[in-house]
Amino acid sequence: MKLYLDTANVQEIREIHAMGVLSGVTTNPSLVAKALTQAGERFESEAAFYERFTGVVREIAELVQAPVSAEALSTDADGMVAEGKKLAALSEHVVIKLPVTAAGLAACRRLADEGVAVNMTLIFSANQALLAARAGARYVSPFLGRIDDTGWSGVELVRTIREIYDLHGIEAEIIAASIRHPQHVTEAALAGADIATIPYGVFKALLKHPLTDIGIERFLSDWEKAKQEL
Ligand code: E4P
């Protein structure tokens, strides 16, 4: 399973990218808004804000040289297609995120037919994932955490989509999204997700285990002790 970072914060991406384990990045309007307001920037117009957004997308794509999902804000198919083409022109690595709505499916089909990679997002059912794949989506993003919040099992949805895609030879990649903790990553890997897109804090938590830290301490202290006895 490939690991993506779920953020629009360039510093977070730079830090995780340095570990050599990152295969891509996903953003969404909430993550972009958070990253830009966190930076404390002020914008004199919506156009200026959108310009900054596209600048961040381009910067991320140039940094990671791997797929970066950027979400179209339009809600009609023509608007989604126009935005998608503009975002795709920012870098060969940009993937267009569209919600799984009738407009989103129509836009996905049009963009896919023109060779633009689409990540169909806000997926909460296997049927939505089937529709997205049939509209030409290269990626589908089931939201594990938000499904868990409703009392259902997000990872079970990943497992079901995997089974359907394998049964019918569907090549769209499953991105396990809305990841809330390291166990989601393990479960998504076991359920057959192609990718997990992981928030920065959870990504860092994947690495940590107290016994690893204790083990390093022990190795170093034993080594120091031996050196004293030489
Ligand atoms: C993918 O990028 C999704 O937009 C993201 O994982 C959603 O996460 P959330 O449910 O925590 O907002």
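What follows is a chat about a predicted model, taken one topic at a time.

Visitor: Which strand do 3 bridges join to β6?
Guide: That is strand β5, residues 118–123, which runs parallel to β6, and within this pairing N119 has Y139 of β6 as its bridge partner.

Visitor: And what do β5, helix α6 and β6 make?
Guide: Together with helix α6, which covers residues 126–134, the strands β5 and β6 make a β-α-β unit that is right-handed.

Visitor: How many bridges join β6 to β7?
Guide: There are 2 bridges between β6 and strand β7, residues 173–176, and these strands also run parallel; here V140 is partnered with I174 of β7.

Visitor: Switching to pockets, what volume does the largest one have?
Guide: The largest pocket has a volume of about 380 Å³, and of the 25 residues that line it, D6, T7, N28, L31 and P199 are the closest to its centre.

Visitor: Which elements give two or more residues to that lining?
Guide: Those elements are α2, residues 29–38, and β5, and the largest share of the lining, 5 residues, comes from α2.

Visitor: What is the lining like by class?
Guide: The lining of the largest pocket has 11 polar, 8 nonpolar and 6 charged residues.

Visitor: How many aromatic pairs are there?
Guide: The structure holds 3 aromatic pairs, and one of them is formed by F43 and F49, whose rings are edge-to-face, at 5.1 Å centre to centre with 90° between the planes.

Visitor: Why does F43 count as partly exposed?
Guide: F43 counts as partly exposed because its relative accessibility is 27%, and F49 counts as partly exposed because its relative accessibility is 31%.

Visitor: One more topic, the backbone: what is the phi of Q65?
Guide: Q65 has a positive phi of about 50° although it is not a glycine, whereas most residues other than glycine have a negative phi. Q65 is placed in the loop between α3 (46–64) and β3 (68–71), and with 48% relative accessibility Q65 counts as partly exposed.

Visitor: Then what about S178, buried or exposed?
Guide: S178 is buried, because its relative accessible area is 13% and buried means under 20%. S178 lies in the loop between β7 and α9 (182–191), and although S178 is not a glycine, its phi is positive, at about 55°.

Terms used:
Residues are numbered from 1 along each chain as its sequence is written. This is a predicted model: local features need pLDDT of at least 70, side-chain atom pairs count only at pLDDT 80 or more; totals for chains, interfaces and linings use all residues. Side-chain values use heavy atoms; hydrogens and water are left out. Rings of Phe, Tyr and Trp (its six-membered ring) pair if their centres lie within 6.5 Å; planes under 30 degrees apart count as stacked, over 60 as edge-to-face and the rest as tilted. Buried means under 20% relative accessible area, exposed over 50%, partly exposed in between (1.4 Å probe, protein chains only). Two strands pair if DSSP finds at least two bridges between them. Helices (H or I, at least four residues) and strands (E, at least two) are DSSP runs, numbered from the N terminus. A crossover is right-handed if, with the strands pointing away from the viewer, the path from the first strand over the helix to the second runs clockwise. On a 1 Å grid over the protein atoms alone, a cavity is a set of points where a 1.4 Å probe fits but cannot get out, and a pocket is an open set with protein on both sides within 12 Å along at least five of seven lines; lining residues have an atom within 4 Å of a point. Grid points are joined across faces, edges and corners, and a volume is the space filled by probe spheres set on the points. Ala, Val, Leu, Ile, Met, Phe, Trp, Tyr, Cys and Pro count as nonpolar, Asp, Glu, Lys and Arg as charged, and the others, Gly among them, as polar.
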